Amino acid sequence: MTLRSRNALVIGGAVGIGRAVCIAFAQAGANVAFADLGKQDDKTSLLTELKCMGVDAIALDVDVTDEMSVVETIRRTRESFGHIDILVNNAGVTSAGAPIHQQDWGVWSAIFDVNLKGVAYGMKHVIPHMLERGYGRIINTSSQLAHKPVANHGAYCASKAAVTALTASVAQEVAGSGITVNCVCPGMTNTAMLWVGGTEFVNAKLAALPIGRAGEPEEIASAYVYLASDLAGFFVGQSISPNGGDVMW
Ligand code: NAI
């Protein structure tokens, strides 16, 4: 699989799964723009790492809840690279969780604004550019919780199920234009986000996994490289789920 001379934009790329995707893309030869909220130290270290790999790389600030910020991120990436071949919408947040009868609507809205609206903004503003070029690979980050929801995380599970449905819907809108739209539904992955649900909850879930451990971000990133490659041209609106065997079909 090669992404040589492809230009990728990874939104939510400074740490965790997004960071691993940036590095995997660069290993496959792509130029990488990544954008994130704050996290200047993480951005500086990732930018240095990517440049050492011999690809073009830029780091940008974005808040995916602000549509104009997403527009500006896409504009600046095009300004630096000329065009965008690959967009990854990876920014995501979760919460400590609460049953629906104790749900704080501010938390609910914050989760949907990042996890769902952020993905929609990215697709809305990159697709016209990709249509002009007749080529594109869009990969959204959903979650295996879209397929196997857990209690007390209704907002997160519902937001990710919505990402999966949105992916399949938009994939049909652009199918045949040279653009593919798919999503990755990671299982429990060893990042800061994993532990937000609490150690006891996470350890119990990990013990119940067939593989008995969390995935590493690099094990998730390989799915993005595949979907971004020319080998994946027949994947339309799919959910790929590296999840240690938790959900199988
Ligand atoms: P993380 O917390 O390490 O990374 C999330 C990234 O999103 C961070 O870089 C953060 O700054 C960025 N972000 C959050 N709000 C943002 C905003 N408003 N604008 C721009 N960037 C923003 O977590 P992780 O695990 O790397 O998560 C990456 C994606 O994978 C998320 O969409 C998450 O929901 C999803 N996921 C994670 C799983 C896990 O077990 N770690 C499992 C399934 C899905």
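These legends go with several close-up views of one predicted model. Local features need pLDDT of at least 70, side-chain atom pairs count only at pLDDT 80 or more, and totals for chains, interfaces and linings use all residues. Residues are numbered from 1 along each chain as its sequence is written, and side-chain values use heavy atoms, with hydrogens and water left out.

**View 1. The open sheet has 7 strands.** Strands (E, at least two residues) and helices (H or I, at least four) are DSSP runs, numbered from the N terminus. The strand order is β3-β2-β1-β4-β5-β6-β7, with parallel pairing. Two strands pair if DSSP finds at least two bridges between them. β3 (57-61) and β7 (239-240) each have a single partner strand, so one side of each has no neighbour in the sheet.

**View 2. Strand β2 runs parallel to β3.** Strands of a sheet pair through backbone hydrogen bonds.

**View 3. Helices α1 and α5 lie across strands of the sheet.** Helix α1 (residues 16-27) lies across β1 (7-11), β2 and β4 (86-89). α1 runs at about 170° to β1. Angles run from 0 to 180 degrees between N-to-C directions, and axes are lines fitted to C-alpha atoms, for helices over the stretch in contact (heavy atoms within 4.5 Å). Helix α5 (residues 154-174) lies across β5 (136-141), β6 (179-184) and β7, at about 165° to β6.

**View 4. Helix α3 packs with helix α4.** α3 spans residues 67-81 and α4 spans residues 105-133. Their axes are 8 Å apart, at an angle of about 35°. In α3, the contact residues include V70 and I74. Those in α4 include Y121 and H125.

**View 5. The ligand is surrounded by 26 residues.** D36, K39, Y156, T189 and T191 are the closest. A polar backbone atom of I17 is 2.8 Å from an oxygen atom of the ligand. A polar side-chain atom of K160 lies 2.9 Å from a ligand oxygen atom.

Key: Near = heavy atom within 4 Å. Polar contact = N/O pair within 3.5 Å; in protein donor to acceptor, adjacent residues only side chain to side chain.
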